[in-house]
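Dear colleague,

I am handing over the structure below, and after it I set out what was found. Please read the notes alongside the model.

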Amino acid sequence: MLIILGRETLHDIADAPVDLGYKKTIPLVLGDNFARVASASALIVGCVCAIIVSPISILGSLFILWGLKDVLKDPRVVSVRKSVDVGLGLLVLGLVFFSG
């Protein structure tokens, strides 16, 4: 759940200009910087939990964590979202096929 929260918050950051005026999202209500830190925190904790459940999920988690290096720099978090999406796919595959 934490990984999904972090991923969706990243997409809300990118969509903030479009959402302004008709949606209440974390970036619009609490601010862009708070949303970035909250998203990164949720993704990190979620990855740690996934690795504890199934060590094979470390591959997907590494993609997610690698993508977070630009979370504060990239205005529309494009590169971050791509890495997180790839990592999430790998993480889910690892959990589905290799968890005991």
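Of the 100 residues of the protein chain, 40% count as buried, where buried means under 20% relative accessible area, exposed over 50% and partly exposed in between, with a 1.4 Å probe and protein chains only. This is a predicted model, in which local features need pLDDT of at least 70 and side-chain atom pairs count only at pLDDT 80 or more, while totals for chains, interfaces and linings use all residues. Residues are numbered from 1 along each chain as its sequence is written, and side-chain values use heavy atoms, with hydrogens and water left out.

The protein chain has five helices and zero strands, these being DSSP runs numbered from the N terminus (helices H or I of at least four residues, strands E of at least two). Along its principal axes, the C-alpha trace of the protein chain spans about 45 × 20 × 15 Å.

Among contacts (heavy atoms within 4.5 Å) in the protein chain between residues at least 6 apart in sequence, 62% join residues at least 24 apart.

Thr9 lies in helix α1, which covers residues 2-19, and Thr9 counts as buried because its relative accessibility is 4%. Leaving aside residues up to four places away in sequence, Thr9 touches Ile26, Pro27, Ala35 and Ser39.

With kind regards
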